[in-house]
Amino acid sequence: MATLKDFRNNIKPNWCPGCGDFSIQAAIQRAAANVGLEPEQLGVVSGIGCSGRISGYINAYGFHGVHGRSLPIAQGLKMANRELTVLAAGGDGDGFAIGMGHTVHAIRRNIDITYIVMDNQIYGLTKGQTSPRSAEGFKTKSTPSGSIESALSPLEVALAAGATFVAQSFSSNLKQLTSLIEQGMQHKGFSFINVFSPCVTFNKVNTYDWFKENIVDLEEIPDYDPTNRVMAMTKIMETNSMLTGLIYQDKSKTSYETHVPGFREEALAKQDLKISEQDFEKL
Ligand code: SF4
Ligand code: MG
């Protein structure tokens, strides 16, 4: 059985020392080993940005795509090989600006892949411009007087788009992050995981200390029910999208590919669908 080391390769990441992306890479490698995958059973697809390099740093199938297009590639990969565990990863600029159309439609399509957004609230690779996740008033080279736009709430968007798995974590919380990626990989449908990943070089506002002060862990909220969509939306709004943990999961929906003629029989045979063939025909 593969261990964490089997998902490592000999390429040294060229992220800045202290970048949150290192921990996300480690969490993916740990989660892949913990769910019992072998390297050849995992495909990692990334977009463009500092985060986009991640597909080259994991010993698995890797595809470094173009800006904002990790999700179309990842969905195509899953449709072509349903046996593969597919993981897409990219930054907040990649997924919530140029790639936002893909993000929303991939969420509502509910293909069985895991999407990790490495959210540093800035464009890092291009040396520090305002991203869709930057807060109002955020000063960068592209907004020297402060951003006049409000920040996007990806968790609200995901829930509104019909997500069946919504989670958020922090790169410093390796235990929680690894567990959420494992749960995302095991979820039968599209798993959306937003991860706060500080950019230590260009974002001097949303620092490690800032996240530690502002994050609200779901474990602090008594009687939280991750199957309750209304409760999830309410808590996201109450905490200004700073909630971390498994925020919402709906296990009742079957994933997109199991509805596609030709692949249905395959899903039934694997018992991914716990229903009779007769009922299945009515879907
Ligand atoms: Fe990480 Fe920022 Fe450096 Fe890019 S510029 S590697 S996001 S710290
Ligand atoms: Mg970014």
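The buried residues of H2 are covered by a set of elements that includes S1, S2, S3, helix H3 (92-98), H4 and S4. The model is a predicted one. The buried positions in H2 are Ser70, Leu71, Ile73, Ala74, Gln75, Leu77 and Lys78. Helix H2 itself spans residues 70-80 and lies across S1, S2, strand S3 (85-91) and strand S4 (114-119). Relative to S3, helix H2 runs at about 180°.

H2 also has a helical neighbour. Two packed helices are described by the angle between their axes and the distance between the axes. For H2 and helix H4 (residues 100-109), the angle is about 35° and the axes are 8 Å apart. The contact brings Leu71, Pro72 and Gln75 of H2 against His102, Thr103 and Ala106 of H4. By class, this contact of H2 with H4 contains 3 nonpolar and 3 polar residues, and no charged ones. Of the H2 residues in the contact, Leu71 and Gln75 are also among those that are buried.

The strands that H2 lies across, S1, S2, S3 and S4, belong to an open sheet of 8 strands with mixed pairing, in the order S2-S1-S3-S4-S6-S5-S8-S7. Strand S2 (61-64) and strand S7 (216-217) are at the edges; each has a single partner strand, so one side of each is left without a neighbour in the sheet. The pairing of strand S1 (residues 42-46) with S2 is parallel and comprises 4 bridges. One of the residue pairs here is serine 46 with histidine 64, the latter in S2.

Further along the sheet order, S5 stands between S6 and S8. Its pairing with strand S6 (residues 191-196) is parallel, over 5 bridges, and includes valine 166 bridged to phenylalanine 192 in S6. With strand S8 (residues 243-249), S5 pairs in the antiparallel sense over 4 bridges; there, glutamine 168 has glycine 245 of S8 as its bridge partner.

Glutamine 121 counts as buried because it has 25 C-beta neighbours inside 10 Å, whereas lysine 127, with 11 other C-beta atoms within 10 Å, is exposed.

An unreviewed UniProt entry carries the annotation "domain: Thiamine pyrophosphate enzyme TPP-binding" for residues 48-195. In the model, that span is 32% helix and 19% strand, and its end C-alpha atoms lie 17 Å apart. The domain assignment, in turn, gives domain 1 (4-252) and domain 2 (254-283). The C-alpha centres of these two domains are 29 Å apart. Across the boundary, 9 residues of domain 1 are in contact with 6 residues of domain 2. On the domain 1 side, the touching residues divide into 5 charged, 2 polar and 2 nonpolar.

Key:
Residues numbered from 1 in each chain as written. Chains lettered and ligands numbered in written order. Predicted model: local features only at pLDDT ≥ 70, side-chain atom pairs only at ≥ 80, totals over all residues. Pairing = 2+ DSSP bridges. Helix = DSSP H or I, 4+ residues; strand = E, 2+ residues; numbered from the N terminus. Contact = placed C-beta atoms within 7 Å. Axes fitted to C-alpha atoms, helices over the stretch in contact; angles between N-to-C directions. UniProt positions renumbered as here; feature names shortened; annotations may be inferred. Domains from an automatic or database assignment. Nonpolar A, V, L, I, M, F, W, Y, C, P; charged D, E, K, R; others polar. Buried ≥ 20, exposed ≤ 12 C-beta atoms within 10 Å, placed from the backbone.
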